[in-house]
Amino acid sequence: MLSWLFPATCELCGESTELAVCPACLRQLERLQAPICLHCGAPMAGQQTDPDRCENCAGLTRPFSIARQALRQSEEAMQLIYQFKYHRGIHLARPLALLLHELWEQTPRLCALKDWVLVPVPVTHGKLYTRGYNQAGELARQLARLRHLRVMELLERRDTGILSQTRLTAAARRLNAMRAYHCRRPAFWEKHRQYPAHIVLVDDVFTTGSTARACATQLRKLPGVKEVAVLTLVRIGT
């Protein structure tokens, strides 16, 4: 009755649809295409010293094994992210998780193992109170249902006094992220007998990679963790 009285419409085209984004609009969102850096997922063009790694990753060690992003930055993609994060668009979690599910199927390293555990990037208590939910957590839960995986909220985000990293320089982002993200307090771990060996860190956007590096660094400190991969919806700046 509610569906008949208030039919769902696509956030992008306005047509009637079962999900918040219709299949046609999901297909039209611009995916990140090869060649990409096999480490951070950045698109690569022109001559590269290393055919498998971009210039930013060449010769560097990272706390995560791979990072993959589903979409290029576009007006449509950012419209969905904006609605999802800032306008209580929790109904967008399911169609957006379908994009991560599609990306997972196209990533051999993720498909090679079956014991991945999904860990969402946390938000501050203030943002959680204001927004009512953590968008990365909602993405992780929807993706977990699609792939029959577990979600564990192993991280917490402490308030550093900086409300958003959007306008920070790359160096400032790295410093703020390293101060902000930490593993949950020891009392939390008493409830869990075994740490996950393989973790996929889930977030909505990947900009400079500062958040991914900071979170992966903390997760790699946990005993038993062997690998951390990163999965995000949109790569900003490409």
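In which sense do S6 and strand S7 (residues 227-235) pair, and over how many bridges? The pairing of S6 and S7 is parallel and comprises 8 bridges.

## Basis of the model

This is a predicted model, in which local features need pLDDT of at least 70 and side-chain atom pairs count only at pLDDT 80 or more, whereas totals for chains, interfaces and linings use all residues. Residues are numbered from 1 along each chain as its sequence is written, and side-chain values use heavy atoms, with hydrogens and water left out.

Helices (H or I, at least four residues) and strands (E, at least two) are DSSP runs numbered from the N terminus, and two strands pair if DSSP finds at least two bridges between them. Buried denotes under 20% relative accessible area, exposed over 50%, and partly exposed in between (1.4 Å probe, protein chains only).

On the S7 side, Val205 has Val234 as its bridge partner. The chain passes from S6 through helix H10 (residues 210-220) to S7 in a right-handed β-α-β crossover; right-handed means that, with the strands pointing away from the viewer, the path from the first strand over the helix to the second runs clockwise. S6 also pairs with strand S2 (residues 116-120), in the parallel sense and over 5 bridges. There, His198 in S6 is the bridge partner of Trp116.

## Strand S2

S2 pairs in the parallel sense with strand S3 (residues 150-151) over 2 bridges, and Val117 stands opposite Arg150 in S3.

## Helix H7

Helix H7 (residues 135-147) has 13 residues, which at 1.5 Å a residue should span 18 Å; its end C-alpha atoms are 18 Å apart, in agreement. The expected span is 1.5 Å times one less than the number of residues. Of the 13 residues, 11 are buried, so H7 is largely enclosed by the rest of the structure. Among them are Gly137, Glu138, Gln142 and Arg147.

At the start of H7, a side-chain oxygen of Asn134 comes within 3.1 Å of the backbone nitrogen of Ala136. Gln135 belongs to H7 and counts as buried because its relative accessibility is 5%. Leaving aside neighbours within four places in sequence, Gln135 is in contact (heavy atoms within 4.5 Å) with Phe84, Lys85, Val123 and Asp204. After H7 comes His148, whose phi is positive, near 60°.

## Nonpolar cores

A nonpolar core is a set of buried Ala, Val, Leu, Ile, Met, Phe, Trp, Tyr and Cys residues joined through side-chain atoms within 4.5 Å. The largest has 39 residues, of which Trp104, Leu118 and Val200 touch the most other members. Elements that each supply at least two residues of this core include strand S1 (67-72), helix H3 (75-86), S2, H7, S6 and S7. Helix H4 (93-105) gives the most, with 7 residues.

Not counting residues up to four places away in sequence, Leu118 touches residues including Trp104, Ala140, Leu143, Ala144, Val200 and Val202. A second, separate core has 25 residues, including Met152, Ile199, Ala212 and Val225.

Notes. A polar contact is a pair of N or O atoms within 3.5 Å; within protein, one must be able to donate a hydrogen and the other to accept it, and residues adjacent in sequence count only if both atoms are side-chain atoms.
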